[in-house]
Amino acid sequence: MLLDDIFRAGVVGCGGAGFPTHVKLDCHAEYMIINGAECEPLLHTDKYLMRHFAGEIVSAAELCGQQTGAGRVIIALKDYYHAEKEALQAAIAERGSHVEIFSLKNYYPAGDEQMIVYEVTGRVVPPGGIPIDVGAVVSNIATMLAVRDAADGHPLTHKYLTVGGDIPQPMLLRVPAGISLTECLRAAGHEPAAGRQYVLGGPMMGRYVSGEQLEREVVTKTTSGILVMPERAEYTMPELQQMINRARSACIQCHYCTDLCPRHLLGHPLEPHRIMRKMAVAGTGIDDEMLQDPDIQNAAICCECGVCERYACPMGLAPRSINAAIRRMLGAAGIRYRKDGISTEPLPFREHRIIPAPSLTARIGLADYLSAHPDDCTELTAEQVRIPLKQHAGAPAQALVTEGSRVTEGQLIGRPPEGALGALIHSSISGVVTQVTADSVVIEREVGSV
Ligand code: SF4
Ligand code: SF4
């Protein structure tokens, strides 16, 4: 059964928070949507996969469609991805497949799960809801490849990723999970430097780390790229209190952050300018009383797309980062979003306010790096991997190996606690386990092992 294969292979959503795929697909849906938008600037991983593994992706989409009982299985990708579309259409024709192609406009964030559901189905996911609330399941391109491998009995041990941004030669790599990102950058000719900023994922929604922090970062099941940012101050993130202080003194309540917020434009009650206004009384921080405020609680339905912060705000303020901090506080306080399950209507002027992707890239200062379109993929091996036991939503896995154990590539090394949401973890190289902690398993390749 497909769900068992997917569980045994440790497949999680490769494009986001790493939700376990065997749980996501355990439902009945009308639409199975494969997200091929890859809407973050400078990432090329999914486009590469669509061009080179179209048959596998279409086959996996069919399997997921069967599993969910979806009447329509749709791969949604940007209108201008011509080569990718051709490859997928050829695969569909060759297989006589019922999988459909849907063309998305080139706007940001076309790949946001709720945007893609609206574009494909015309249905709006209710505030605080998930796609299945309107009969849809969304999975991404890299996950499809992992599902195909899982159906063939192969666990998820390797990742394709883009190494790009401010480097001489952006490239695509296939690497074992657990390899250090420093090694990936060196393979692309960039020597990591303490003073530089790097982003894990795309420049809008990815996680920014400094050169010093980068040393501790490794490729996980959800890594889609590592970008080197140009040497400019705006790519560094201030502390929360600094952000609150700036909001208090500089927010002019112009409303642009709300006007352009993609979730607000879907009709959701998220209004970042109101949250920023409340920061005026935040004083030394956001306290428990503030967390009871309905405007503040709406931060829970922010998708952290970054439009407000990196594109809309004329004062260089950080609504997205403040929302993210509030979301963490709401979670810690056990305050859940009061969803009523009622779908909203997109605002009538939404079409005129969506942001063309090239404008966004120019606004965030990355237009110079747009022309690179890497098409070759280099396979990288690792002498050592540090495999995190939590690469997914849910509980961390528990290590099944001890120091000194010999493991082979693909061997099971971690399992979530009985009954907990999570995913299995496998070794990505053959070698000897040299360290086991609550967080990770370190494996070193033995001389002579492949
Ligand atoms: S766009 Fe910036 S200045 Fe305007 S309301 Fe939003 S946070 Fe305040
Ligand atoms: S990050 Fe900003 S623009 Fe994006 S959903 Fe959240 S509030 Fe809206």
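**View 1. Strand 8 and strand 9 form a hairpin.** Between the two strands lie 6 residues, and Gly201 in the turn has a positive phi of about 105 degrees. Strand 8 (residues 197-200) and strand 9 (residues 207-210) run antiparallel and are joined by 4 bridges; two strands count as paired if DSSP finds at least two bridges between them. Leu200 stands opposite Arg207 in strand 9. Helices (H or I, at least four residues) and strands (E, at least two) are DSSP runs, numbered from the N terminus. The model is predicted, with pLDDT of at least 70 required for local features and 80 or more for side-chain atom pairs, while totals for chains, interfaces and linings use all residues. Residues are numbered from 1 along each chain as its sequence is written, chains are lettered from A and ligands numbered from 1 in the order in which they are written, and side-chain values use heavy atoms, with hydrogens and water left out.

**View 2. Domain 1 meets domain 3.** The protein chain is divided into domain 1 (2-151), domain 2 (158-230 + 367-379), domain 3 (240-356) and domain 4 (384-444), with bounds from an automatic or database domain assignment. The C-alpha centres of domain 1 and domain 3 lie 28 Å apart. In this interface, 17 residues of domain 1 are in contact (heavy atoms within 4.5 Å) with 21 residues of domain 3. The two domains bury about 1,600 Å² between them, of which 61% is on carbon and sulfur atoms; buried area is the accessible area (1.4 Å probe) that two parts lose on being put together, summed over both. Within domain 1, Tyr108, Val124 and Pro127 lose the most area to domain 3, together 37% of what that side buries.

**View 3. Asp112 forms a salt bridge with Arg263.** The closest N and O atoms of this pair are 2.9 Å apart; a salt bridge is a side-chain nitrogen of Lys or Arg within 4 Å of a carboxyl oxygen of Asp or Glu. Between domain 1 and domain 3 the count is 3 salt bridges. Strand 4 (107-108) and helix 6 (113-121) each supply at least two residues of the side of domain 1 that touches domain 3, and helix 6 gives the most, with 4 residues.

**View 4. Thr344 lies in the loop between helix 17 (319-332) and helix 18 (350-353).** The side chain of Thr344 reaches the backbone oxygen of Leu266 at 3.0 Å. Residues up to four places away in sequence aside, Thr344 touches Val124, Pro127, Leu266, Gly267 and His268.

**View 5. Glu30 forms a salt bridge with Arg123.** The closest N and O atoms are 3.0 Å apart. This pair links distant parts of the chain, 93 residues apart: Glu30 is in the loop between helix 2 (21-24) and strand 1 (31-36), and Arg123 is in the loop between helix 6 and strand 5 (136-140). The structure holds 28 salt bridges.

**View 6. An open sheet of 4 strands has the order 13-19-18-15.** The pairing is antiparallel. Strand 13 (384-388) and strand 15 (406-407) stand at the edges, each with a single partner strand, so one side of each has no neighbour in the sheet. Strand 18 (residues 431-436) and strand 19 (residues 440-444) are joined by 4 bridges, and Val432 stands opposite Glu444 in strand 19.

Definitions and conventions: A polar contact is a pair of N or O atoms within 3.5 Å; within protein, one must be able to donate a hydrogen and the other to accept it, and residues adjacent in sequence count only if both atoms are side-chain atoms.
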